[in-house]
Amino acid sequence: DVALDRQGNIYFTDPGTSTAENPTGSVYRYDVRTGRVALLAKGLAFPNGIAVTADQQKLCVAESLQYRVLVFDLTRNGTVQNQRVLVDFPDETRGTFVGGKFDPEGMVFDVRNRLYVAMWRGGVINVVDVDAGVLIRQYDAGGAGATNCHFHNGYLYTAIAAKEAVFRLKLGVEGFDYNGTLARRKPLP
């Protein structure tokens, strides 16, 4: 997956040949000023989804084969430090949260700095409070194979591979706008 920061730098994941037992995945950053690629993290168990927080201070990375999201502090020079687990997703159903060995995939932030994570096998979107590091909500994504999600005009759009379709959910929430201006358009049909 890929993510941008407000300066246009590109962050991307490379799962390589990762397994849970042999984590070989990496995270990189392409610096738009220098044109150079830098290795930010390695030894991850299938890094997948990636997103920069709204305040541009943290980088979140889905470690799919560990069923969790990691968070790193972003430094001024574009490196990362202080790797830690942001949230471990439940491996069993707890209350209203459907759990299981669901791989976190693509993710996106809303304007309130909540992280929406598409859960591949689970067919759900998990919503994480980044400041507290807890799962706060869960939405039905429309089917198994939830790969990526994105906001537009109060809707959350989710790609569902199992149905070869894109579903939308009216949440009345705007996504974080990395360009600095919210486009006010009518939703797609």
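Predicted model: local features only at pLDDT ≥ 70, side-chain atom pairs only at ≥ 80, totals over all residues.

Biologist: Where is Glu105 found, and is Glu105 buried or exposed?

Modeller: Glu105 sits in strand 9, residues 104-109. Glu105 is buried and has no salt bridge. The nearest side chain of opposite charge is Arg121, 8.3 Å away.

Biologist: Ok, which side chain does Glu105 have a polar contact with?

Modeller: With Asn48, at 3.1 Å. Glu105 also touches Ala62, Val117 and Trp120, among others.

Biologist: Back to Arg121, which residue does Arg121 meet in a salt bridge?

Modeller: Asp103, at 3.0 Å from N to O. The two are 18 residues apart: Arg121 is in the loop between strand 10 and strand 11, and Asp103 is in the loop between strand 8 and strand 9.

Biologist: Buried or exposed, that Asp103?

Modeller: Asp103 counts as buried because its relative accessibility is 8%, under the 20% cut-off. Arg121 is partly exposed at 46%.

Biologist: How many salt bridges does the count come to?

Modeller: Six. Another one pairs Asp110 with Arg114 at 2.6 Å, and both of those residues are buried.

Biologist: Switching to packing: which residues touch the most other members of the largest nonpolar core?

Modeller: Cys60, Val69, Leu86, Phe89, Met107 and Leu115, out of 21 residues in that core. Strand 10 gives the most to this core, with three residues.

Biologist: And what does Val69 touch?

Modeller: Its contacts include Cys60, Leu86, Phe89, Met107 and Leu115, plus Arg84.

Definitions and conventions
Residues numbered from 1 in each chain as written. Heavy atoms only, no water. Helix = DSSP H or I, 4+ residues; strand = E, 2+ residues; numbered from the N terminus. Buried < 20%, exposed > 50% of the residue type's maximum accessible area, 1.4 Å probe, protein only. Lys, Arg positive; Asp, Glu negative; His and termini not counted. Salt bridge = Lys/Arg side-chain N within 4 Å of Asp/Glu carboxyl O. Polar contact = N/O pair within 3.5 Å; in protein donor to acceptor, adjacent residues only side chain to side chain. Contact = heavy atoms within 4.5 Å. Core = buried A, V, L, I, M, F, W, Y, C linked by side-chain atoms within 4.5 Å. Lists of a residue's contacts leave out its neighbours within four places in sequence.
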